[in-house]
Amino acid sequence: MHKQANNTPQLDRVPPQDVDLERALIGACLMPDNSAITIAGVLDIIRDEKVFYKVKHQHIWLAIQKLYESNVIVDYIAVINELDKQEQVEQISPSDIESLANDVPHSGNVEYYAQEVLDLYKRRVLIQASFKMFNNAFDTTDADGMIDVAESELLAVRNMTPTKFISNNDAVK
């Protein structure tokens, strides 16, 4: 990291991410041996598509969530159809989805993959919060207020822990 003339830090490194791990997570969710329980367990860990670094993976994750919430069995054909409904198939080809499902030997590590992907996201959020704190230290005259904001942001990252995923269907019951 270095500073520009305006005291804004610049990141000279790629933020923490692992595209292969994201692929393994999504692929494991698309495997024929997965179950609604497996998907629910992963949705308990990853509730927001922004957890994924790669934008294509964010769109695929939204499709998986939508299918699960609609009580549709998640597989690569259902995901392709959902992406088609969302007009994302031009950006994400059916062969991309099929390769995700075929590149994972089994879905047994899916919750481990989800925890690791979430951890990488937390680290990216911490970097963003650090940049914000850095800039606020130059621009704010109220140090105690800045500390309160910083503590709040750091606690929000700490509290990104899995909780029970509630689908729209469950919420209306």
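How do the axes of helix H4 and helix H5 cross, and within what distance do they come? They come within 9 Å and cross at roughly 150 degrees. That angle is over 145 degrees, so H4 counts as roughly antiparallel to H5. Bear in mind that this is a predicted model.

**The H4–H5 pair**
- H4 covers residues 76-85, and H5 covers residues 94-102.
- As for handedness, H4 goes past H5 in a right-handed crossing.
- On the H4 side, the residues that meet H5 are Tyr 76, Val 79, Ile 80 and Leu 83.
- Their partners in H5 are Pro 94, Ile 97, Glu 98 and Ala 101.
- Sort that contact by class and you get seven nonpolar residues, one charged and no polar.

**The loop in between**
- Gln 88 sits in the loop that links H4 and H5.
- With a relative accessibility of 15%, Gln 88 falls under the 20% cut-off and therefore counts as buried.
- Leaving aside residues up to four places away in sequence, Gln 88 touches His 59 and Leu 83.

**The protein as a whole**
- There are eight helices and two strands, and along the sequence the order is β-β-α-α-α-α-α-α-α-α.
- The protein has 173 residues, and 37% of them count as buried.
- Among contacts with a separation of 6 or more, 72% come from residues 24 or more positions apart.
- The accessible surface is about 10,200 Å², with 51% of it belonging to carbon and sulfur atoms.

Definitions and conventions:
Residues numbered from 1 in each chain as written. Predicted model: local features only at pLDDT ≥ 70, side-chain atom pairs only at ≥ 80, totals over all residues. Heavy atoms only, no water. Axes fitted to C-alpha atoms, helices over the stretch in contact; angles between N-to-C directions. Helix = DSSP H or I, 4+ residues; strand = E, 2+ residues; numbered from the N terminus. Parallel < 35°, antiparallel > 145°, perpendicular 65-115°, else oblique. Left-handed = near helix turned anticlockwise from the far one by under 90°. Contact = heavy atoms within 4.5 Å. Nonpolar A, V, L, I, M, F, W, Y, C, P; charged D, E, K, R; others polar. Buried < 20%, exposed > 50% of the residue type's maximum accessible area, 1.4 Å probe, protein only. Areas by Shrake-Rupley, 256 points an atom, 1.4 Å probe, with all protein chains shown as cover.
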